[in-house]
Amino acid sequence: MRKELIGKSAEELAGLLEKRDVSSLELTRAVLDHAEALNPTINAYLSITREAAEKAAAKADAEIASGGYRGMYHGIPMGIKDNLYFQNEVTTMASKIHQHFVPDYDATIIAKLREAGVVFTGKLNMHEYAWGITNNNPHYGACRNPWNPDKIPGGSSGGSGAAVAADMCVASLGTDTAGSIRIPSSACGIVGLKPTHGRVSKYGCFPLSWSLDHIGPMTKTVKDAAGLLEIIAGYDPNDPTSVNAPVATYTAELTGEVSKLVIGVNEDYFFKQVDTEVERLVRKAIQALVDQGARVEAIEIPALAYAEYAEMMTILSEAAAIHHRNLLKRPDDFGSDIRLLFELGELPSAVEYLQAQQLRRQIKRDFRKAFEKVNVIIAPTLPIIAPNIGEAFADLNGEQVDLINQIIRFTGPSNLTGLPALTVPCGLKNGMPVGLQIIGPALQEGLVLNVGYAVEQTNPLQGKKPELVRV
């Protein structure tokens with residue numbers, strides 16, 4: 001019963017908790033027992049806070065028993081990426097430099113989750129300072145993919161992706177600067193949503209790149225992501241990038257109706273140099289939507305030719321500015337991989353940085369023009385399958401290609417534009433998950449989620465889960 005319980009989605013558990021068929025304390029203990037047993041293998045958690053979690057679960061049970069049920073995530077155990085501030089708790093950014101850092105306030109989204117009655121189970125592993133896509137951390141050890149522990153879980157939110165996929169928590173949050181929600185979600189076979197830039201407050205999140213950073217849900221199902229977004233979205237005056245726009249009831253928009261949907265497909269960029277089986281699975285999922293009445297429209301986004309340059313120039317420059325002082329004073333305390341990136345970030349001129357911002361504007365204009373013809377754009381989330389831990393290259397149809405350049409190629413444009421992008425599983429290749437990405441117009445998370453929900457209803461994983469967590 002305990003294993004069956006931890007494998008359920010937040011939506012399924014919410015019904016049981018509200019009716020008091022299951023207690024939050026029972027659920028939390030089951031999740032924690034499982035997480036503690038599996039963490040030596042997966043290394044998804046940097047710290048597990050059992051005592052605080054059990055106390056919060058007991059409080060949730062008392063509130064629910066007295067008629068104070070707060071909604072889908074009341075009493076739900078969640079692990080949190082360790083770059084989100086918890087008041088009076090160590091928040092390491094998975095780094096040596098901040099290994100003893102204790103914030104004196106909660107991140108806005110942590111405060112919102114507390115208000116929703118979430119039970120926090122601990123801090124999750126991540127790539128150091130969120131600047132990487134492997135989660136091979138030199139200070140805290142590599143996080144491993146539950147589908148195959150020899151492989152990377154993706155990054156930088158690898159601990160979040162692995163923990164949710166392995167039932168080590170029910171749901172989580174990730175941060176995304178070039179794909180760090182969607183990359184591990186795709187690699188670990190879960191749902192990951194990068195909302196519109198400014199939709200979710202970043203106040204109390206240690207930055208990687210001010211203009212590219214996003215925070216969003218990483219969950220077992222699309223409905224879980226929609227319910228979590230309802231909690232964390234909204235204007236925050238403490239975040240200068242926050243957008244003052246109404247927050248929808250996203251769960252109510254999940255009808256699965258796609259009969260009038262127009263799907264944009266960009267062959268020149270999003271289907272260029274893609275693993276053959278990944279491409280087949282994504283096109284199969286698109287056809288399943290067409291079979292339900294959707295239609296496909298070919299689109300052109302010419303400025304995407306400059307997306308990789310604009311993304312790297314922006315993130316390198318902004319990240320180097322953030323870490324400049326520590327790079328001068330404590331260079332040897334950074335992992336060698338990110339130290340090199342920070343050093344590279346010192347090289348671009350102001351002219352080159354500003355030219356990159358001009359390219360971003362053109363990319364945004366091209367996407368706006370595309371959305372005059374289509375409702376959403378569908379593409380592979382990743383052009384490759386997750387490689388083994390420690391490998392700097394990935395296999396692309398028999399050719400060895402640079403891992404970091406390839407793995408962010410399809411996710412980076414949505415950070416440049418700030419557009420909402422969702423990844424959902426669409427199948428397996430050699431036992432490893434494949435993700436499909438849905439990009440929508442600004443502030444249209446409900447639309448993007450509904451298309452993902454329609455894909456999810458086709459049951460692309462056929463109920464399969466990682467061998468480690470099969471019930």
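Biologist: How many salt bridges does a search of the whole structure find?
Modeller: The search finds 23 salt bridges. A salt bridge is counted when a side-chain nitrogen of Lys or Arg lies within 4 Å of a carboxyl oxygen of Asp or Glu. This is a predicted model, in which local features need pLDDT of at least 70 and side-chain atom pairs count only at pLDDT 80 or more, while totals for chains, interfaces and linings use all residues. Residues are numbered from 1 along each chain as its sequence is written, and side-chain values use heavy atoms, with hydrogens and water left out.

Biologist: Which side chain meets Lys465 in a salt bridge?
Modeller: The partner of Lys465 is Asp167, at 2.7 Å from N to O. This pair links distant parts of the chain, 298 residues apart: Lys465 is in the segment after α16 (445–456), and Asp167 is in the loop between α6 (158–165) and β6 (172–176). Helices (H or I, at least four residues) and strands (E, at least two) are DSSP runs, numbered from the N terminus.

Biologist: Is Asp167 buried or exposed?
Modeller: Asp167 is buried, with a relative accessible area of 2%, whereas Lys465 is partly exposed at 23%. Buried means under 20% relative accessible area, exposed means over 50%, and partly exposed is in between (1.4 Å probe, protein chains only).

Biologist: And what does the side chain of Glu63 meet?
Modeller: Glu63 forms a salt bridge with Arg70, with an N to O distance of 2.7 Å. Glu63 counts as buried at 16% relative accessible area, and Arg70 is partly exposed at 37%. A further salt bridge joins Glu297 and Arg295 at 2.9 Å, N to O. Here Glu297 is partly exposed at 24%, and Arg295 is partly exposed at 45%.

Biologist: Which residues are linked in a network of salt bridges?
Modeller: Arg29, Asp33, Glu36, Arg50 and Glu54 are linked in such a network. As background, side chains of opposite charge can pair when their charged atoms come close.

Biologist: Changing topic to strands: which residues of β9 are buried?
Modeller: Strand β9 (residues 262–265) is covered on both faces, with Val262 and Gly264 buried on one side and Ile263 and Val265 buried on the other.

Biologist: In which sense do β9 and β10 pair?
Modeller: The pairing of β9 with strand β10 (residues 295–298) is parallel, over 4 bridges. Strand β11 (residues 376–380) also runs parallel to β9 and is joined to it by 2 bridges. Two strands are said to pair if DSSP finds at least two bridges between them.

Biologist: What stands opposite Ile263 in β10?
Modeller: In β10 the residue opposite Ile263 is Val296; in β11, Ile263 stands opposite Val376.

Biologist: Now the backbone. Which peptide bond is cis?
Modeller: The bond from Gly155 to Ser156 is cis, with omega near 10 degrees. Ser156 is in the loop between β5 (141–142) and α6.

Biologist: What about the phi of Asn88?
Modeller: Asn88 has a positive phi of about 65 degrees, although it is not a glycine. Ala130, another residue other than glycine, has a positive phi near 65 degrees. Most residues other than glycine have a negative phi, and most peptide bonds are trans.

Biologist: Where does Asn88 lie, and is Ala130 buried or exposed?
Modeller: Asn88 lies in the loop between β2 (77–81) and α5 (108–115) and is exposed at 60% relative accessibility. Ala130 lies in the loop between β3 (119–124) and β4 (136–137) and is buried at 6%.

Biologist: Finally, the surface. Which residues form the positive patch?
Modeller: Arg361, Lys364, Arg365 and Arg368 form a positive surface patch. Lys364 is in helix α13 (residues 350–370) and is partly exposed at 32%. Patches are made of residues with over 30% relative accessible area and no salt bridge, joining like charges within 9 Å and nonpolar side chains (Val, Leu, Ile, Met, Phe, Trp, Tyr) within 5 Å. Lys and Arg count as positive and Asp and Glu as negative, without His or the chain ends. The place of a charge is NZ of Lys, CZ of Arg, CG of Asp or CD of Glu.

Biologist: Which residues make the nonpolar patch?
Modeller: Leu340, Leu344 and Leu347 make a nonpolar surface patch of about 300 Å². Accessible areas come from the Shrake-Rupley method with a 1.4 Å probe, and for residues only the protein chains shown count as cover. Leu340 is in helix α12 (residues 336–345) and is partly exposed at 48%.
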